[in-house]
Amino acid sequence: MASTAFSERIARSTKATRGHLQTDGDGHYAISNQLLVDRRAVAAAGQALAGGSEEWVKRCGFEARTLTSVFSGIQLPGGRDVEILELTFASSSENIFSVTRELRASLPDEASGLISPNHILIPASLSDFCPHGAPTPTTLAELRRSWNDPRLRFPLPPPSGAAPVNVTIIDAGYQWNPDVVDGEALWGENPLGGTFTEVEADVLVLSQDSEGVSSWAWAPGTPDVAPARWEGEPASFSPDVVPGGEDELVALAGHANFVAGVIAIGCRAAQITIRNLNGAFNTLNPYELPTEATITRAIAQSAGADLVNVSFAGVLCGDTPGSSWALALERLGPGAVVVAPAGNQQSNLPHYPAALHSSHHQVVGVASTTPPVSATAGLSWSDYGAWVTCACDGTDVRSTFLHVKQRLEDATAPVRYDFSRDSLASWSGTCFAAAKVSARICEEIADAMNAGISIEPLAALGKVLATGYPDPRNELGTILPF
């Protein structure tokens, strides 16, 4: 369960009023005035939700207004769609989670996922979710040893092999700036070289026409982040969630750099596209947070990828995934694999999208083999449970990071981190265990292609899982030997 301090960080870091965001204290976070409502929910309830006939929602004391479709402009199989409804509460004490439960009660049990809060999913690089602390500097020599590759160097060459393996990473955004930090030059070239491209993920944008009429639409756009330093958090924890700006670095900075590096180093045939959700926890606009709507839309837009690596995790109201997940996966196609972290809270509650594996075998939920229960402080941090697909070692993974000098304020003395020498880091978390699994799946695909064999990503996943053994406690799925 996330702490009260963490929910306060969310409110502070978005600079938004508490009314924009809600938490129920059980780890659920959501946009306070939104529901994801599948059109089929209306039919299942025998009610209309269009034009002037919105009694189904009005009976609960709300005035419903459709913002926009989650999959607006994205062709879904069968023309199916999910709509976001903006609800105006009759009372400021209304709770989006209890409202969801009330509305779900009007539906058949099997249709409950057609109504869902627009959950905020938590990036796994935030303070309460990384007990092993902030990333620490490492050297190229240490990186080579950890990857058992004495010839590893940057920038990486273009993808090798018969054909590239197409990978999409949905994360906080890749940050690389060919300028200088403290008078020192950055890498002359992007360290991922030809393996890397980036696109901005879509967020909801409010606009006005020439007559002053407001409307919502999906459009690419994320706030800028100026990397400089982290501050304000004890040295034993990850950096605090601070707004990006002059002399400040958001906690998400460098996360996508790290995940992309793990996949690119682990599979040289990977051609990586990062969908930038850098607006997470660094925005005036709550609609730019990493929600079910923005993440499932990004998954749907990744159609054509062999593998999608999603760096977010969260618990859902009633442990019920909204229908936008299934629709996004259907748009992605059954041949692609989605890899997601289990989360870093030492919780056995199902975290999504990792826990979707039970109903969608193309989704892989990855934990870390750090002990789920340990008497040793700092060793118990990976989420676990029967919902986990597999686990590998997510401790002290080494990868590419930012070129930056920064200071982390401790209660007694400042701790300085200097990433300006090699711009590489050691970091721990299930996100990085997940990236290692993604790299292994990609390697299986590349090896097959180089041998002239056609292989589906799902079959490549099976080969990776076959290298492990079942966790006898049924807490970490298949234990993988890396």
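Let me start with Asn 148, which sits in the loop between α5 and β8. This is a predicted model, so please hear every value that follows as computed. Asn 148 is not a glycine, yet its phi is positive, at about 55 degrees. For background, most residues other than glycine have a negative phi, and most peptide bonds are trans. Is Asn 148 buried or exposed? Its relative accessibility is 70%, and therefore it counts as exposed.

The loop between α5 (140–147) and β8 (165–171) also holds Pro 155. The peptide bond from Phe 154 into Pro 155 is cis, with omega near 0 degrees. There is another cis bond to look at, from Tyr 352 to Pro 353, and there omega is near 10 degrees. Pro 353 belongs to the loop between β17 (337–341) and β18 (363–368).

Back to positive phi. Ser 423 has a phi near 55 degrees, again positive in a residue other than glycine. You will find Ser 423 in the loop between β22 (414–418) and β23 (424–427). Its relative accessibility is 1%, so Ser 423 counts as buried, whereas Asn 148 is exposed at 70%.

Now some figures for the chain as a whole. The protein chain contains ten helices and 25 strands. It has 482 residues, and 56% of them count as buried. Take the contacts between residues at least 6 apart in sequence: 75% of these join residues at least 24 apart.

Next, a strand residue. His 119 is part of strand β5, residues 115–119. With a relative accessibility of 0%, His 119 counts as buried, because the cut-off for buried is under 20%. What does the side chain of His 119 reach? One partner is the side chain of Glu 292, through a polar contact of 2.4 Å. Another is the backbone nitrogen of Cys 317, which is 2.9 Å from a polar atom of the His 119 side chain. Setting aside residues up to four places away in sequence, His 119 touches Tyr 29, Ala 30 and Phe 97, then Pro 290, Thr 291 and Glu 292, and also Val 315, Leu 316 and Cys 317.

The buried ones are Ser 323, Ser 324, Trp 325, Leu 327, Ala 328, Leu 329 and Leu 332. After α8 comes Gly 333, with a positive phi near 105 degrees.

The helix pair I want to show is α9, residues 430–450, with α10, residues 457–465. The two pack at an angle of about 115 degrees, and their axes are 8 Å apart. That angle makes α9 roughly perpendicular to α10. The crossing of α9 past α10 is right-handed. Which residues make the contact? From α9, they are Arg 440, Ile 441, Glu 444 and Ile 445. From α10, they are Pro 457, Ala 460, Leu 461, Lys 463 and Val 464. Sorted by class, this contact has six nonpolar residues, three charged ones and no polar ones.

Past α10, Gly 468 lies in the loop between α10 and β24. Gly 468 has a relative accessible area of 22%, and so it is partly exposed. Where does the chain come back to Gly 468? At Leu 480, twelve residues apart along the chain, with 4.4 Å between the two C-alpha atoms. Not counting residues up to four places away in sequence, Gly 468 touches Thr 478, Ile 479, Leu 480 and Pro 481.

Last, Asp 471, in the loop between β24 (469–470) and β25 (478–479). Its relative accessibility is 7%, so Asp 471 counts as buried. The Asp 471 side chain reaches the backbone nitrogen of Glu 475 at 3.0 Å. Leaving aside neighbours within four places in sequence, Asp 471 is in contact with Leu 476, Gly 477 and Ile 479. Ile 479 is also among the residues that Gly 468 touches.

Key:
Residues are numbered from 1 along each chain as its sequence is written. This is a predicted model: local features need pLDDT of at least 70, side-chain atom pairs count only at pLDDT 80 or more; totals for chains, interfaces and linings use all residues. Side-chain values use heavy atoms; hydrogens and water are left out. Axes are lines fitted to C-alpha atoms, for helices over the stretch in contact, and angles run from 0 to 180 degrees between N-to-C directions. Helices (H or I, at least four residues) and strands (E, at least two) are DSSP runs, numbered from the N terminus. Angles under 35 degrees count as roughly parallel, over 145 as roughly antiparallel, 65 to 115 as roughly perpendicular and the rest as oblique. A crossing is left-handed if the near helix is turned anticlockwise from the far one by less than a right angle, and right-handed if clockwise. Contact means heavy atoms within 4.5 Å. Ala, Val, Leu, Ile, Met, Phe, Trp, Tyr, Cys and Pro count as nonpolar, Asp, Glu, Lys and Arg as charged, and the others, Gly among them, as polar. Buried means under 20% relative accessible area, exposed over 50%, partly exposed in between (1.4 Å probe, protein chains only). A polar contact is a pair of N or O atoms within 3.5 Å; within protein, one must be able to donate a hydrogen and the other to accept it, and residues adjacent in sequence count only if both atoms are side-chain atoms.
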